[in-house]
Amino acid sequence: MAGTHRIPLIGLAQAGNAGYFDDAGFPTGEGWEKVPFPQIDDPQAYALEISGDSMLPVYRDGDIVIVSPAANVRRGDRVIAKTVQGEVLCKTLARRTLTRIELSSFNPAYPDRSFDVPDIAWIADFTRRLEPAESDERRLIEAALRQHRRGIVDRRVFQQRGIDMALQR
């Protein structure tokens, strides 16, 4: 792919384990799975795969976001924060003072969180969503199937694209 390079992909569950990040929030070591991504200004950027439903409805389980540890975080930014106890949180930075960091949840079913600054090991900005081609294709197929069920898309659309109608089941 022209104009792309490969960045490390880390699972959210891995992110909380000791030894995966340095003190500044950069991935450490080698052997990471790597995903192609267009050129980004932060050479330390990495991809993080979301797990669970705490970020619904904005992000779903399996979505991949690009984390930029070198970026300055500001109020309203979507962030990944790691506590000194090892908990990794994906939230929105609601407020940051000299003594407190307040993080708001994407999903109203999960509480907002507030920490003393020394309780946060690092905090990094994430700005983009990277979706694998397979999930994009699957979402297109699912959308076309919904339209077909409503009578909006004709069966021939699927046949032209070589999509098996058995996916309707």
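Beyond its neighbours within four places in sequence, Val67 contacts Ala45, Tyr46, Leu48, Ile80, Ala124, Asp125 and Phe126, contact meaning heavy atoms within 4.5 Å. This is a predicted model, in which local features need pLDDT of at least 70, side-chain atom pairs count only at pLDDT 80 or more, and totals for chains, interfaces and linings use all residues. Residues are numbered from 1 along each chain as its sequence is written, and side-chain values use heavy atoms, with hydrogens and water left out.

Q: What makes strand E4 largely enclosed by the rest of the structure?
A: Buried means under 20% relative accessible area, with exposed over 50% and partly exposed in between (1.4 Å probe, protein chains only). In E4 (residues 64-68), 5 of the 5 residues are buried, so the strand is largely enclosed. Strands (E, at least two residues) and helices (H or I, at least four) are DSSP runs, numbered from the N terminus.

Q: How do you know that both faces of E4 are covered?
A: In a regular strand, side chains alternate between the two faces of the sheet. On one side of E4, Ile64, Ile66 and Ser68 are buried, and on the other Val65 and Val67 are buried too.

Q: Why are E3 and E4 said to pair?
A: Two strands pair if DSSP finds at least two bridges between them. E3 (residues 46-49) and E4 have 4 bridges, in the antiparallel sense. Glu49 stands opposite Ile64 in E4.

Q: Why is the pair of Tyr59 and Phe106 called edge-to-face?
A: Rings of Phe, Tyr and Trp (its six-membered ring) pair if their centres lie within 6.5 Å; planes under 30 degrees apart count as stacked, over 60 as edge-to-face and the rest as tilted. The whole structure has 2 aromatic pairs. For Tyr59 and Phe106 the centres are 5.8 Å apart and the planes at 90°, so this pair is edge-to-face.

Q: What makes Tyr59 and Phe126 an edge-to-face pair?
A: Their rings are 5.5 Å apart centre to centre, with 65° between the planes. Tyr59 lies in the loop between E3 and E4 and Phe126 in strand E9 (residues 120-130), so the pair ties together parts 67 residues apart in sequence. Tyr59, Phe106 and Phe126 form one aromatic cluster.

Q: Which residues touch the most other members of the largest nonpolar core?
A: Leu48, Val67, Ile80 and Phe126 do, among its 18 residues. Such a core is a set of buried Ala, Val, Leu, Ile, Met, Phe, Trp, Tyr and Cys residues joined through side-chain atoms within 4.5 Å.
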